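Here's a quick briefing to read alongside the structure.

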Amino acid sequence: MSETVVSHGRPWIVRINGKTIHNWTSCEAGVDLADIAGIFRLDFVEDVPEASGYVPSLRVHDRVEIEVASVVVLKGYIETINVTADEHSLHTVATGRDITGDLVDCAANPKGPAEYRQILLETVVGHLTQPFGLSLDRQVATGAPFTLVALEPSDTVLGAVERLSRQRGVLVTSDGVNGLVLTQAGKTRAKDRLVYPGGNVQRMEARVSQRHSDTWVKGQFNSVLRGDKAALSASSAPAAPTASTGHAKKELAANCRFGHCVDTGVPRYRPIVHLAKSQGGGSAAAQDSSNPTPDSFALGEGASVPAGGAYRAGARHKKRQKTAVRQASDPWTLQDQAMWRMRTARAHATAYVYTVPGLKNAAGAIWRPNQLVTVKDLYNGIDGDMLIGAVTWVATGHTFETRISVVPPDAYDLTGDADAPAKAGHRKTRLSRSGASAQTQLLFYSGSNSTSSSALIAYGGTGNADGNLAFAGAALHPQNNNGGSLGTSNNAWSGIVTQTAPQVVSDANDKDIVGTLGDSGYADITTKLRAAWAAISGVVYTLKNGASDRRHVGVIAQVVQAAFTAQGLDPAEYGLWCSEPRTQIVTTKNEDGSTTMNVQPVYEADGKTQATQQTLRYEELLSLGLFCERLERSDLTARVVALEAKASTAAA
């Protein structure tokens, strides 16, 4: 078991109004994703005053700055002070929050406006937080503008921000120093593990409480699908309003909206309903989509609601289906709010707190929240990735430790599958390592099978991302038909090796025929395509970023583009030619030693125009060439036949 680290030179600095104080006895500073604003607690002792004019060391509203292991983790203000004293000493406890703490209990917008229309999430958040002098760091896309954002007079800033961000699946956190961050959960990984027992964890706490089986979010909105009203004019009779089909249905779609999410980890019927506090989700796309279809269990109907004892062994009902996760093309609706509330409620009800000695992890960086971390806990049966939901740095005298609270990895994420943490006997994946063969296997299980259904095996390499990753299974495919791409124009594979030629779906039921090359009804386009094909020249080239100087034979995408354009054809209308904005992945190193990867645009020499990456689908280009050459041969054959016939006539 690891022991508490004791330091003789404290790696912890507390400043009050910019001045370092030394008479504190203990200090805690923490950040929790559930509370957003970071908090601190400071204990210190003072001498009993012996004369008038005594000035306390600190007061409410004083500025506080806490530096841990040479990193400023919190800047904020003292909010409460509790003092106890006897004849010999004064003991003071000061607590407060970081600079975003004022957002928790201050009014959102006392002077108005009370409504915003067609506004982006980051814009309205910036407007609400600007009076407090806070920065806003948007690290993820926030979706389309809100149709309507309505603020109640009693709304707090943080309440409004959290409500709006929940509708877009965006996690709002505080960086503790400058302001708010709009991000996603688990974008980075802690460079260490949490192991109990026999590892780096010296204390473990588990807090698990009951949850609700069904989470409902209900609300109503003004219909944005009804017809336009005619404008009134004093000089003319009222005009007829714009007609709107399906009027009753559209009004019903706006007034009767709900979202529903199932927590499959709760065996009893325990529903809860939340009211939507904003009309921000009432967009035309949202109102044009249908409400989810709850199962009979959720509706509390008939035999699906078990009698007492129905969950005993031998009398259990069929396991309920998980709520389907959102797709990128789905509009943001109350269904997303229900999903968010279910997952965050599960995170609050299921928390595991591990106390580790010292302030830094194995990589020499302080522990941070909102990072994925590998947890191996034999008591709680956890063996896999969890999300660090909260971190509290603790200093007592010259002893330092860190309390780390972990939650399920999808607790604050709407895009992933809502799975509970991996537990012994119930997990669907298993990580195993073979020392003899230097392999790491990620095994996947389906249903109640005791053996794996598929696996990923990592082997070889030197630890510099140069190893191999093998897949074992019947097929590796996207979840939906025609869903996703294997590689992108900016991140292409260097090569593909297959045993047989690739198959391309070419069923007539999946295609709408636009024209046939060579047909009389398609003669004009055929002539232009043949001329374009004739203008495309072949080249021999080497790759600038290739691993060797081997020569390749092919064509240049820009040449294809020019050939089509010269014939009055738009190459973008043909799938054989593609063009996408060029981007690059930029890796930056953070103060805590972790790295952040961001996708940034690549610009032309003028520094303003974003460069493009052109690609070709060779099978389509060669298909065009095949049919153009066939038509060319047919024309030549016809000419030869005509010439031979003419020669025969002349000879006769």
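Let's start with H61, which you'll find in the loop between β5 (39-47) and β6 (63-68). Keep in mind that this is a predicted model. H61 has a phi near 85°, a positive value in a residue other than glycine. At 65% relative accessibility, H61 counts as exposed, because the cut-off for that is over 50%.

- Y196 and P197 are joined by a cis peptide bond, with omega at about -5°.
- P197 belongs to the loop between β14 (188-196) and β15 (203-208).

**The sheet β10-β13-β12**

- This is an open sheet of 3 strands, in the order β10-β13-β12, and its pairing is mixed.
- β10 and β12 are the edge strands, each pairing on one side only.
- On average, neighbouring strands here are turned by 20° against each other, direction ignored.
- Strand β13 (residues 179-183) is mostly covered, with 5 of its 5 residues buried.
- On one side, β13 runs parallel to strand β10 (residues 135-138), and 4 bridges join the two. S135 has G179 in β13 as its bridge partner.
- Strand β12 (residues 171-174) pairs with β13 in the antiparallel sense, over 4 bridges. There, S174 has L180 of β13 as its bridge partner.
- β12 and β13 also make a hairpin with 4 residues between the strands, where G176 takes a positive phi near 80°.

- Strand β16 (residues 214-219) and β17 are antiparallel partners over 6 bridges, and V217 stands opposite G259 in β17.

**R270, a buried charge**

- Where does R270 sit? It is found in the loop between β17 and β18.
- R270 is buried, yet it has no salt bridge.
- Which side chain of opposite charge is nearest to R270? That would be D263, at 9.1 Å, whereas a salt bridge needs a nitrogen-to-oxygen distance within 4 Å.
- Not counting residues up to four places away in sequence, R270 touches Q210, R211, H212, S213 and D214. D214 falls in β16, which covers residues 214-219.

**Strand β22 and its partners**

- Why call strand β22 (residues 399-407) largely enclosed by the rest of the structure? Because 7 of its 9 residues are buried.
- Strand β19 (residues 350-357) pairs with β22 in the antiparallel sense over 6 bridges. Within that pairing, Y352 has V406 as its bridge partner in β22.
- Strand β21 (residues 382-396) is also antiparallel to β22, with 9 bridges between them. L387 is the residue opposite V407 in β22.
- β21 and β22 form a hairpin with 2 residues between them. In the turn, G397 has a positive phi of about 65°.

Conventions: Residues numbered from 1 in each chain as written. Predicted model: local features only at pLDDT ≥ 70, side-chain atom pairs only at ≥ 80, totals over all residues. Heavy atoms only, no water. Pairing = 2+ DSSP bridges. Buried < 20%, exposed > 50% of the residue type's maximum accessible area, 1.4 Å probe, protein only. Lys, Arg positive; Asp, Glu negative; His and termini not counted. Contact = heavy atoms within 4.5 Å. Axes fitted to C-alpha atoms, helices over the stretch in contact; angles between N-to-C directions.
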